[in-house]
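Trainee: I am new to this one. Can we go through it step by step?

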Amino acid sequence: VVRPPRVLEAAVSFECRLSHRHEMRNKNGEVTATLVLGEVVMFHVATAVCDREGAGPGKPTVRFDDYQPLARLGGNTYGRVTSTFDLPRPDRSVRST
């Protein structure tokens, strides 16, 4: 466990270990952004948005309608996640719900 400081109001937070950091450079060689990749080692979900048995016994899920997540799209642009859908992975069997 990493135990970083967390935002009290955040409904979901992740503890990560740095896996890789890649500096993005423009055509002049100046660093304009940094891509950070991390391994999630622990996540925390507030009870107000957590369904403890959502995917079956011992398999909690986040209720997205209650969570209302935002996505950073780049620069000052953000998006709202207003719906979700399941897309089966070809390497896993599909379970009916």
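Trainee: Which residues make the nonpolar surface patch of about 320 Å²?

Mentor: This is a predicted model, where local features need pLDDT of at least 70, side-chain atom pairs count only at pLDDT 80 or more, and totals for chains, interfaces and linings use all residues. Residues are numbered from 1 along each chain as its sequence is written, and side-chain values use heavy atoms, with hydrogens and water left out. A patch is made of residues with over 30% relative accessible area and no salt bridge; like charges are joined within 9 Å, nonpolar side chains (Val, Leu, Ile, Met, Phe, Trp, Tyr) within 5 Å. The patch here is made by Phe14, Val40 and Phe43.

Trainee: How are those accessible areas computed, and where does Phe14 lie?

Mentor: The areas come from the Shrake-Rupley method with a 1.4 Å probe, and for residues only the protein chains shown count as cover. Helices (H or I, at least four residues) and strands (E, at least two) are DSSP runs, numbered from the N terminus. Phe14 lies in strand E1, residues 12-25.

Trainee: In which sense do E1 and E2 pair, and over how many bridges?

Mentor: Two strands pair if DSSP finds at least two bridges between them. Strand E2 covers residues 31-45. E1 and E2 pair in the antiparallel sense, over 13 bridges.

Trainee: Which residue in the hairpin of E1 and E2 takes a positive phi?

Mentor: Five residues sit between the two strands of this hairpin. The positive phi is near 85 degrees, and the residue is Gly29.

Trainee: What is the bridge partner of Ser13 in E2?

Mentor: Ser13 is found in strand E1. Leaving aside neighbours within four places in sequence, its contacts (heavy atoms within 4.5 Å) are Arg6, Met42, Phe43 and His44. The bridge partner in E2 is His44.

Trainee: Is Ser13 buried or exposed?

Mentor: Buried means under 20% relative accessible area, exposed over 50%, and partly exposed in between, with a 1.4 Å probe and protein chains only. Ser13 has a relative accessible area of 14%, so Ser13 is buried.

Trainee: How many salt bridges does a search of the whole structure find?

Mentor: Side chains of opposite charge can pair when their charged atoms come close. A salt bridge is a side-chain nitrogen of Lys or Arg within 4 Å of a carboxyl oxygen of Asp or Glu. The search finds four.

Trainee: Which residues are linked in a network of salt bridges?

Mentor: Start with Arg25 and Glu23: their closest N and O atoms are 3.1 Å apart. Arg25 is exposed at 51%, whereas Glu23 is partly exposed at 33%. The linked residues are Arg21, Glu23 and Arg25.

Trainee: How far apart are the closest N and O atoms of Arg63 and Asp66?

Mentor: Arg63 is partly exposed, at 31% relative accessibility. Asp66 is partly exposed too, with 42%. The two form a salt bridge, and the closest N and O atoms are apart by 2.6 Å.

Trainee: With which residue does Asp91 meet in a salt bridge?

Mentor: Asp91 is exposed at 56%. The N to O distance in its salt bridge is 3.1 Å.

Trainee: How far apart in space are Ala46 and Glu9?

Mentor: Ala46 is found in the loop between E2 and strand E3 (50-51). Ala46 is partly exposed, at 30%. In sequence, Ala46 and Glu9 are 37 residues apart. In space, C-alpha to C-alpha, the distance is 9.3 Å.

Trainee: What is the phi of Arg3?

Mentor: Arg3 is found in the segment before E1. Arg3 is exposed, with a relative accessible area of 69%. Arg3 is not a glycine, yet its phi is positive, at about 60 degrees.

Trainee: And what is the phi of Gln68 near?

Mentor: Gln68 lies in the loop between helix H1 (64-67) and strand E5 (70-74). Gln68 is exposed at 60%. Its phi is positive, in a residue other than glycine, and near 55 degrees.
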